[in-house]
Amino acid sequence: MKSKRIAACTIVSRNYAAYARTLQKSMRISNPDIDFFVLVVDRKDKDFETQSGFDRLVWVEDLDITNFYHLAFKFDILELNTNVKPFMLGALSDRYDYVFYLDPDIDVFGSLQPLIERLQGQTAVITPHAVSPIEDDKKPSEIDFMRSGIYNLGFFGARSCPELKRLLDWWGRRCAEFGFNDPRQGLFVDQKFVDLVPSFFDGIVIERSPVYNVAYWNLHERHIDAKDPVYPLVNGMPLVFFHFSGMSFEQQSESRLEISKYQNRSDFHNRPDVMPLFESYRNKLVVHGHANLRSLPYSFGNFSNGERINTASRQLFGLVASRFDGSLDPFDAEGPVYRLLAQRHALGGQPFKESISSYNAHLHSRKIRFMERMLRLAFRVLGPERYGLLMKYLGYISSIRNQHEVFFSD
């Protein structure tokens, strides 16, 4: 009987190469029969390619994505790395019988063969963020899952078949057009679209086993036994892979015991069971050179003259990208995109070293208190009804993608 060909992949920019090296090594040990690919989302760099240590490296520019440089400009580094996922999976599914995607910050401990068996006669397998209710007031909550996506797309598995091609074609089109990190508008990169997949496509397996895709978002329902960090258990069963999303690379101290920057439910005080996994994983990143690699610049982050591309420039270009021919290079500092953004005073500026979100707003007390005073004043001046209308309008207009008339009314 002909053996089935199986591939797995991850996607990184150069500054995340140590994560991909760590994942690749864990796949070599746990799944030696699976061909492992690393898609690098940066401009081609021969020196990096030679020194990467990747068994099978693919440059994003070689995927032949339509109008790729337009996408590389309008999306930031997170958005672009996630939105090229359907295209990479499509390229692999043309050559392999089964394909898997794993986020680079995943460590694999066990075989993926049971998932291949689950895929017999099916199309794809996805994992929910959680498979049981959350009853506390911490984050992430069930509401957060509804904002960012019911399924976590740090993992995706599929069987090559016509239905998969139909799924990937649809998913790729949606990612290319709408794959923004903007939960306020119902968008969250590639992930949010997959909420629709079980309704739109046949043969979708929803894998609820606790041994896959363990991460901060489902620790409330999963207990880790990592006395042996090489063969850890989850809920008494062998752990297949753990997802270290939002983990700090820096050594933890008594004052810094967070498991992930994206949550406030668990730390190493109330979840000491996971600490051996994190210590082991951090050591692997050190061995694979993350201390040096993390400073590598993102080559789609600047214009051709070296000037940094800020977030507003990317978002404003997204509003008018259809005005420009797909062959035009928006990174060209002598080109029409640069001139248009300069006319709109959208160039320049330095990135903020901190951001405010629902996860950390309470930590920014001075800034938040000032804004709260301004809102109280607006409430008194406008009255409750007009204030309510203002809040509805601000909720809509707060996204630059809803500000076309603000910047391009002429």
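Tutor: Pairing here asks for at least two DSSP bridges between two strands, and strands are DSSP runs (E) of at least two residues, while helices are H or I runs of at least four, numbered from the N terminus. Within this pair, L233 faces P238 of β13. Stepping back, the open sheet has three strands in the order β11-β12-β13, with antiparallel pairing. Its edges are β11 (224-225) and β13 (237-238), each pairing on one side only.

This is a predicted model, with local features needing pLDDT of at least 70 and side-chain atom pairs 80 or more, while totals for chains, interfaces and linings use all residues. Residues are numbered from 1 along each chain as its sequence is written, and side-chain values use heavy atoms, leaving out hydrogens and water.

Now look at strand β6 (residues 124-128). Five of its five residues are buried (under 20% relative accessible area; exposed is over 50%, partly exposed in between, with a 1.4 Å probe and protein chains only), so the rest of the structure largely encloses β6. A124, I126 and P128 point one way from β6, while V125 and T127 point the other way. In a regular strand, side chains alternate between the two faces of the sheet. β6 has antiparallel pairing with strand β7 (residues 151-159) over four bridges, and V125 stands opposite G157 there. With strand β10 (residues 204-206), β6 runs parallel, joined by three bridges; A124 stands opposite I204 of β10.

Finally, the surface. Helix α14 (residues 365-382) holds R373, which is partly exposed at a relative accessible area of 42%. R373 gathers with R366, R369, R376 and R380 in a patch of positive charge on the surface. Patch members have over 30% relative accessible area and no salt bridge; like charges are joined within 9 Å, and nonpolar side chains (Val, Leu, Ile, Met, Phe, Trp, Tyr) within 5 Å. A salt bridge means a Lys or Arg side-chain nitrogen within 4 Å of an Asp or Glu carboxyl oxygen. F370 is also found in helix α14 and, at 43% relative accessibility, counts as partly exposed. Together with M371, M374, L377, V381 and L382, F370 makes a nonpolar surface patch of about 540 Å².

Terms used: Areas by Shrake-Rupley, 256 points an atom, 1.4 Å probe, with all protein chains shown as cover. Lys, Arg positive; Asp, Glu negative; His and termini not counted. Charge placed at Lys NZ, Arg CZ, Asp CG, Glu CD.
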